[in-house]
Every structure is written in C-alpha cells, then in structure tokens.
Amino acid sequence: MYKPVAGLAAVTLLVAACASSPTTSRVEKSLEQTTPTRQTVATTALAQVGDAYATNMAGPNQYDDAGLAYYAYRQNGRALPRALSDQLDAGQPIALSEAQPGDLVFLRLDAPDGSRLTVGVLAGANLAVLAMPGTAQAGGGVRRVSLADDYWRGRFVGVSRILPQAGAAR
C-alpha cells in the first residue's frame with residue numbers, strides 16, 4: 001500500500017504550512033513547468049512530509065534518506081537504486097541552477113561521529129524534501145527544507161539528474 005497523491009492541491013497545502021519554504025505559487029509554477037513524471041515524483045516526496053525517520057525503511061510511513069528518494073521514484077514506476085551510494089552514482093551531476101523537480105540533492109549533515117551524506121528529492125526551486133534522522137520533536141522525520149537558507153546552502157554537496165529534463169526528448 002502507498003499513500004495516494006492528490007496532485008498540486010496537496011502540494012499547495014504542504015508548502016503553505018512551511019513559512020521558510022519558497023512561496024506556494026513558486027513551487028506550483030515550478031511543478032507545472034516540468035514533465036508529468038518529475039511532477040509526480042516531487043509530489044510523492046512532498047506527500048510524505050511529517051512521516052517518521054527510521055533506518056533501513058523505504059515507506060510507506062517511515063523512511064531513511066535514500067528510502068524516501070527510492071519510494072518517490074518507485075511509486076511512479078521509475079527505477080532508482082535503494083542504497084545512497086548507488087543513488088549518488090546513478091545520475092548525471094548538474095548545477096543547482098539547472099535542477100528541476102524530481103532531481104536528487106545531496107547534502108552533508110553533522111553527526112556525533114562526524115559528518116555524513118544524505119539525499120533528498122527536489123520539489124521546486126530551492127525546495128527539497130529530506131528524511132532527517134531523529135524524532136519529529138528534535139527536527140527529524142520527513143520535512144521540507146529551503147536550499148536558499150544559509151544552513152542548507154553550507155551543507156550542499158551537489159545535484160544529480162536521474163529523469164530526463166523538461167523539454168528533453170523522452
């Protein structure tokens with residue numbers, strides 16, 4: 001079983017709930033200007049916001065970082081490796097300025113034993129959906145983050161394109 005996705009109406013509600021995220025109209029416009037597959041991958045990731053983080057989980061109600069990306073792709077009939085290291089190698093590296101909804105974004109997180117790599121799904125201009133370790137009370141779980149914020153900009157590693165870009169031959 002998986003959560004149904006209600007489309008742009010669900011995105012509107014999800015994005016409107018987060019004041020630090022890009023405006024709802026910018027996210028909707030970004031989603032409208034991309035391919036249907038990219039739109040549904042991004043919308044699927046957004047629909048998981050608020051779900052719990054759990055190591056080695058790929059849905060439907062608990063996710064680790066690579067599990068969230070895997071789930072968003074798999075629910076839309078797209079192949080994506082399950083392991084984060086394989087996801088890193090699966091796509092074509094691109095600049096953040098070229099990124100589109102559905103691309104994967106890689107960030108470096110601080111951890112008690114050093115830093116670690118994490119992956120999220122881009123849902124719009126400078127908006128990513130990540131599964132963060134920890135409880136919801138401690139900022140963990142599936143959440144939206146603005147890559148324009150200094151905190152996330154400082155942890156940015158790169159973007160990887162898995163799906164064909166909007167406007168490309170499919």
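Which backbone oxygen lies 2.7 Å from a polar atom of the side chain of Thr-44?

## Thr-44 in helix H3

The oxygen belongs to Thr-40: in this predicted model, the distance from the Thr-40 backbone oxygen to a polar side-chain atom of Thr-44 is 2.7 Å. Thr-44 sits in helix H3, which covers residues 36-47.

Is Thr-44 buried or exposed? Its relative accessibility is 4%, and the cut-off for buried is under 20%, so Thr-44 counts as buried.

## Strand S5 and its cover

Strand S5 spans residues 114-124 and is mostly covered. Of its 11 residues, eight are buried. S5 pairs with S4 and is also joined to S6.

In general, side chains of a regular strand alternate between the two faces of the sheet.

## Pairing of S4 with S5

Strand S4, residues 104-111, pairs with S5 in the antiparallel sense. Eight bridges make up this pairing. Within it, Leu-109 is placed opposite Arg-116 of S5.

## Pairing of S5 with S6

Strand S6, residues 127-132, runs antiparallel to S5, and four bridges join the two. Here Leu-122 faces Ala-128 of S6 as its opposite residue.

S5 and S6 also form a hairpin, with two residues between the strands. Which residue of this hairpin takes a positive phi? That residue is Asn-126, with a phi near 60°.

Note on methods
Residues are numbered from 1 along each chain as its sequence is written. This is a predicted model: local features need pLDDT of at least 70, side-chain atom pairs count only at pLDDT 80 or more; totals for chains, interfaces and linings use all residues. Side-chain values use heavy atoms; hydrogens and water are left out. Buried means under 20% relative accessible area, exposed over 50%, partly exposed in between (1.4 Å probe, protein chains only). Two strands pair if DSSP finds at least two bridges between them. A polar contact is a pair of N or O atoms within 3.5 Å; within protein, one must be able to donate a hydrogen and the other to accept it, and residues adjacent in sequence count only if both atoms are side-chain atoms.
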